[in-house]
Amino acid sequence: MEILKRLNVTVSGSGPRALVFVHGFGCNQRMWRLVAPAFADRYRVVLLDLVGAGQSDLTAYDPARYSTLEAHADDVLAVLQALDLRDAVLVGHSVSATIGLLAAIREPARVARLVLVAPSPRFLNDVGYTGGFEPADIEDLLDTMDNNYLGWSAVMAPVIMAQPDRPELMAELHNSFCSTDPAIARHFARVTFLADNRADLPRLRAPALILQCAHDALAPRAVGDYLHAHLPDSQLVVLDTSGHCPHLSAPQATIAAINHFLKPVRTA
Amino acid sequence: MTMSEADDMLPGLDLRLTEEDPDDLYEHAPCGYCSCLPDGTLVRINQTLLSWLGYARQELLARQSLSQLLTVGGRLHYETHCAPLLLLQGEVREMSYSLRRRDGGILPVLLNATLRRDAAGEPLVVRITLFDITERRKYEQDLLRAKEQAEAQREQLRLQNEQLTRTNQDLDNFVYTASHDLKQPVNNLAGLFGELRRTATFNDPAAAAMMGMVDEALQQMLSTIDGLTEVVQRQRQPEPAPTETTALQALTEEIIRGLPPQPRGQEAHFTLDFAAAPALRMARTALHSVLANLLSNALKYAQPGRRPRIAVRTARAPGATVLRVQDNGRGLDLARHGAELFQLFRRFHPDVPGSGVGLYLVHRLVHQAGGQVEVSSVPGEGTTFQLILPE
């Protein structure tokens, strides 16, 4: 089906329910390789690359369409529909925790539970809210991205386009695990770090697990507390690890926490 | 050199003489070194990096993490890109970051890092090498700025181009409509005037001369309108097929037969010589228009009292064919008028009727065919046009 190809969907494992893993900003579905296989014996394991990342169809990245996270949530729901999945467990990292949240609110029948890995509903500070960052920091991130792409970015036009006549560019993109088209990455960075989905939190009906890292520069402890306070049905688990990617830095603890959350009988 | 030969040479080198020892090499290497725990905490750092940053060792070791030394945007990038890459593939190369010095200054660096794992495969330590790229960053910023500027200019040019194309189209349409709408009433006027001339009688003796002048003015108007119509039609036609070639002899003779008759005793003498190249790479209709304009010009601007002698010849040039039209007419002051020669409606001999369209058309058609036009002229002696067309 077209949507499965567009998002480079891979399905493995077997079981009555599905675990759908959605990667965050800066990488792609390969981020889950230390965690996802642990569930393949009991679940259908669905991996995907958001449009614009990994091996997704880069030509489908229309900046106007993907100027909000809603469009990515639409894509995730389209994948669930194409695979005819109901009551799935959505595991979203960082910005995709928010994407999962939006998808679960939109179609509760498809998403029974949410695992939010290092989530943040808003990265920027606001009155009475500590997101951790100022607008200037996001500009600094964009500059850093520009500096890192300078060497091989041949995209002269500011428009985002596929370059099928330049296969050497594609070869370069595939050189490293997490590379992507620089113009798309830049756009997605803006959408990610300027998004504010705090108002959506109370609308979630599904139970959610908040997996937070003890020392995470992107999602400080205060953000985890905020989520826990504003989501109607959530558990907060703080993993004893540093960084923003517990599924890479503490995969066993991440797996254990998800398993615990998914046990048929649980205490709220 | 084979491996064993290289080994054989080692005893000849005494490294002690260079005072090179590994500890000193680490501390004072021409690059920054540091090592971090998997959580980022700095556990080793060399003197080079400390002096670049202006920190004392005890201020950083076990107290700060590498990503705390980055700018905030750099930290965001490191945590979302570098840190996962290190865990996924064990190394990162040539990452461009800015370090924050103790005094608040910025040090642009290139970062390489490798992740060492213990026997159980668990992350043990991250080794990092940093290179000062202050100068290089400046060039890169210049390049980035130049690229942004080029993009902005390209966009501006595209918009201007679009607007010019639209304006051109509008002008073409306007000229076409105007010439078309003028032609009918002017034709009517000429017909009525001819009728009037035949039937009416005038008492004023000056009337006959005035009638002649009105007739002349009418003919002038008609020829200008025809010229306009032709220009617009030419511009509307698609570019001619570049492969079409046209034979010269028959075409030129046909054009000469169609030229207006000259006064008795002043009949033009034509010399045609196409032996060097019998044909030109140009569409027949276009070449017809070019030659007809050049030949009728040669007659129109003949030197009064001198019998016109016009030579049409071809010659070979490297990669091109040259068509030369030479006359012995009045000639032109090219030093004065050369730059305007091919402009639309530009005229140089007001006493000779003309519309100022001919040379504009010649120039345009030759350019359309990928060629160029050259002129040489001596006032009072004659003019030579050279059309240089690719083979």
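Predicted model: local features only at pLDDT ≥ 70, side-chain atom pairs only at ≥ 80, totals over all residues.
Figure 1

**Figure 2. Secondary structure around the second largest pocket.** Chain A gives two or more lining residues from each of β7 (234-242), α8 (246-249) and α9 (251-262).

**Figure 3. The interface of chain A and chain B.** The two chains bury about 2,700 Å² between them. Carbon and sulfur atoms account for 67% of that area. The contact takes 34 residues from chain A and 28 residues from chain B. How many salt bridges are there between chain A and chain B? The count is 0. Polar contacts do occur across the interface: 5 residue pairs, with both residues at pLDDT 80 or more.

**Figure 4. The side of chain A that touches chain B.** Helices α4 (135-149) and α8 of chain A each supply at least two residues here. The most comes from α4(A), which gives 9 residues. By class, this side of chain A has 19 nonpolar, 10 polar and 5 charged residues.

**Figure 5. The largest cavity.** Across the whole structure, the search finds 2 cavities of 30 Å³ or more. The largest has a volume of about 190 Å³. It is lined by 23 residues. Those closest to its centre are F25(A), G26(A), C27(A), T180(A) and A185(A). The lining divides into 12 nonpolar and 11 polar residues, with no charged ones.

**Figure 6. The second largest cavity.** About 50 Å³ of space lies inside. Which residues line this cavity? The lining is made up of A97(A), T98(A), L101(A), L116(A), P119(A), S120(A), P121(A), L201(A) and L227(A). Helix α3 (residues 95-106) of chain A gives the largest share, 3 residues. The classes are 7 nonpolar and 2 polar, and no charged residue takes part.

**Figure 7. A salt bridge within chain A, R106(A) to E70(A).** Over all chains, the whole structure has 25 salt bridges. In the pair shown here, the closest N and O atoms of R106(A) and E70(A) are 2.3 Å apart. Why does the pair tie together parts that are 36 residues apart in sequence? Because R106(A) lies in helix α3 of chain A, while E70(A) lies in helix α2 (residues 69-82) of chain A. Side chains of opposite charge can pair when their charged atoms come close.

Notes:
Residues numbered from 1 in each chain as written. Chains lettered and ligands numbered in written order. Heavy atoms only, no water. Helix = DSSP H or I, 4+ residues; strand = E, 2+ residues; numbered from the N terminus. Contact = heavy atoms within 4.5 Å. Buried area = accessible area lost by both parts, 1.4 Å probe. Salt bridge = Lys/Arg side-chain N within 4 Å of Asp/Glu carboxyl O. Polar contact = N/O pair within 3.5 Å; in protein donor to acceptor, adjacent residues only side chain to side chain. Nonpolar A, V, L, I, M, F, W, Y, C, P; charged D, E, K, R; others polar. 1 Å grid on protein atoms, 1.4 Å probe; cavity = no way out; pocket = protein on both sides within 12 Å on 5 of 7 lines; lining within 4 Å. Points joined across faces, edges and corners; volume = space filled by probe spheres on them.
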